[in-house]
Amino acid sequence: MAAVMGLAGCAIGPDLGPDAVTGGGGGGDAAPSSSKAAPALPALGAPKTDLEWKDCARPSAARFGVPAPGGVTVECAELDVPVNPDNPTGDTLTVALTRARMAATPKDAAPLVLTSGSDLPSSRTLLLLATGPGRSLLSQHPVVAIDRRGTPTSGDLDCMTRIERSAMSRNGLPEAGTSGQSERISRLARAASSASDGCTETLTPHQLDFGAAFAAADIEALRIRWGVDHLGLIGVGEGSDVVLAYASNYSGRAGRIILDTPTAFGANARDRASAQATGVQAALRSFAQSCAAAGSCPLGADGMSTIGDVLAKGRTGRLGGLSDTQALSAITSALALAPNRPQAVTDLASSISSADRGDTAALKALAERAEGLRTGDGQLVSRCNDVSGPIGQNEIPGLVDAWTKQNPLTGADSALSMLRCNGWASSTPTNPPNALPIDPLVLAGTNDPVNGAGGADALKALFIKAGVTPTTVSWDGLGYSVLARSGCAADTVTQYLGNRPLGEPTERGCPT
C-alpha cells in the first residue's frame, strides 16, 4: 500500500406566498428596518497575486464523463499547502483548483471559493453549476472550486486494499452469494478496522490531517496566496462544514458565507445518518412522483416499490453482482448530478426498470461512476477524521431494524454506513463559530439525494449563538446544489455579494 499524497520534503414548486423570489428582486433591495445606517460589509476583492491558470475544460469534463460547458471558460491551477498548517515548513501536498468564468465576467470581479467537502469532488460540483441555471452567477463573479485534500486530484490517498474497498462500497455484502445481517455487519466492521490500521500506518504522522479543519486551512492558504483580506465562500452539502470551520478558525476572513443545502455542523454520527436516511428517502419519493407526473414513467404506477424491488435483489445476490448499497449509490448519485431536463428523470427511471427486469448494464455503469465520485480512500479518511460520537458495532442491528421501518429504501444503508469508520481515530472537533462577520445566506433544498434536507434547520442554534440572522431561500426541486439548479437562487447570491445587506424578508422561496 502507498499513500500518493505528493509530499514534498518528505418537480412541484412550493406555495411561495408573498415572499417568493422569482428573479432578481425578491426583497433584496429592501431597506433595513432600523433607521440607523447598515454596517459596512466586508469588502471582497480580486486577487493581487493570482495562480497560474491553464485551460482545462475538455480534460475536466472528460474526467467525469460529461460534456464541457458551452460559453464557460474552465481553467485549472495547483497550490502547494502544508499538510499540517501548524508546521508550515514541514511536508506539503498539492491541492487542485478549478475556475469557471464567462467572457462577460468583469476582470476585477472578486472570485468565490466553492467546496463540496467530501460529498463529491468540488470540481464536479463546479461543472454542475456551469451547466445549470445557476451559471448566471458566473457572468458576475468567477467561481473557484478547491478539491478536498486526499481526493484523486488533490494529494490522492491510496491506503486501502482492494478487499477493503469492496467491503466498504458494498457495506459488507459479499461479492458472491447472500449474507445474513449479522455476518454482513461483522464483515464490514472487520474491513473498516483493517482499513483503519492500514491507513494509519501508511499516513502516519498525518493520519488525522484530512478533516474539515484542514480543508479550511487549504482555503486560508489560497486567501494568503491571493493577498486578499476576505473571501466569498460557497459550501455545498458537507462543504458547509468546511466553510463553517473556516469561519470558526479564521475569524473575520469570511467575507460572505453561502451555505447550499448544508449538513448539520458538529452533529454526531447517529443524528447525521438518521437525517440522511430520512432526507434521501424523501428525495427518492420526489423522484418517483416526478416520473409519474411526466406520464409513461418506466418505473410503473408505484415507483418506490420498483426501486425497493431492485434494492432487494441487490441485497439477495440477484442484481448481476451489484449490491443494494451500490445500486442505491448509483441511483442517488445520478439524481444528484442529473441535467436539468425532464428526460434525465426518464433515463434514470429506465435504468432502474431495466435492472428490475434483469438487464443491469445501465445501472452498473451508474454504480461505477458513483463509486469513482463518492467512495475514494481520501473521502473515507476525511469523513472518519470528522466523525463525532461513533456508533458501536453492537448498536447497528437495532438501528438497521428501526430505521428500515421508518425509511424502507435508505434506513439500513445509512445505519450500516456508520460502521465504515469502525476503529478509526477522529481528529479534535472544530468548535462552532462564536461569532460570524456577516449574516449567512442559506439555500435550503428539500430533495437532496446525497445528504437529505434538515441541515438548515439544525444550524439555527449555531446562528443564534453566533449572533447572526441568516437569509434562508427554500427550493423544492430535486438534485444536489440549489445554486446550480436555480437561476432565482443565483440572482439572490449575486445580490448577497453586493455592498448592501439583503434586508427583509429573511425567509424566501424560489420556484422549481
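**A serine and its surroundings**

Modeller: In this predicted model, Ser123 has a relative accessibility of 3%, so the residue counts as buried, the limit being under 20%.
Biologist: Which element does Ser123 lie in?
Modeller: Ser123 is part of helix 2.
Biologist: And what does Ser123 touch?
Modeller: Leaving aside residues up to four places away in sequence, Ser123 is in contact with Arg63, Phe64, Thr98, Ala145 and Asp147.
Biologist: Let's move to the sheet: in what order do the strands come?
Modeller: The sheet is open and has ten strands, which run in the order 1-2-3-5-4-6-7-8-9-10 with mixed pairing. Strand 1 (54–55) and strand 10 (507–510) are at the edges, and each has a single partner strand, so one side of each has no neighbour in the sheet.
Biologist: Where does helix 2 pack?
Modeller: Helix 2, residues 122–131, packs on this sheet and touches strand 2 (73–82), strand 3, strand 4 (112–115), strand 5 and strand 6 (231–236), while its direction makes about 150° with that of strand 5.
Biologist: How do strand 3 and strand 5 pair, parallel or antiparallel?
Modeller: Strand 3 (residues 92–101) and strand 5 (residues 143–146) are antiparallel, with four bridges between them, and Arg99 has Val144 in strand 5 as its bridge partner.
Biologist: New topic: how many aromatic pairs are there?
Modeller: There is one aromatic pair. The ring centres of Tyr246 and Tyr250 are 5.1 Å apart and the planes are at 35°, so this pair is tilted.
Biologist: Are those two tyrosines buried or exposed?
Modeller: Tyr246 is buried, at a relative accessible area of 0%, whereas Tyr250 is partly exposed, at 21% relative accessibility.

Notes: Residues numbered from 1 in each chain as written. Predicted model: local features only at pLDDT ≥ 70, side-chain atom pairs only at ≥ 80, totals over all residues. Heavy atoms only, no water. Phe/Tyr/Trp six-rings, centres within 6.5 Å; stacked < 30°, edge-to-face > 60°. Buried < 20%, exposed > 50% of the residue type's maximum accessible area, 1.4 Å probe, protein only. Pairing = 2+ DSSP bridges. Helix = DSSP H or I, 4+ residues; strand = E, 2+ residues; numbered from the N terminus. Contact = heavy atoms within 4.5 Å. Axes fitted to C-alpha atoms, helices over the stretch in contact; angles between N-to-C directions.
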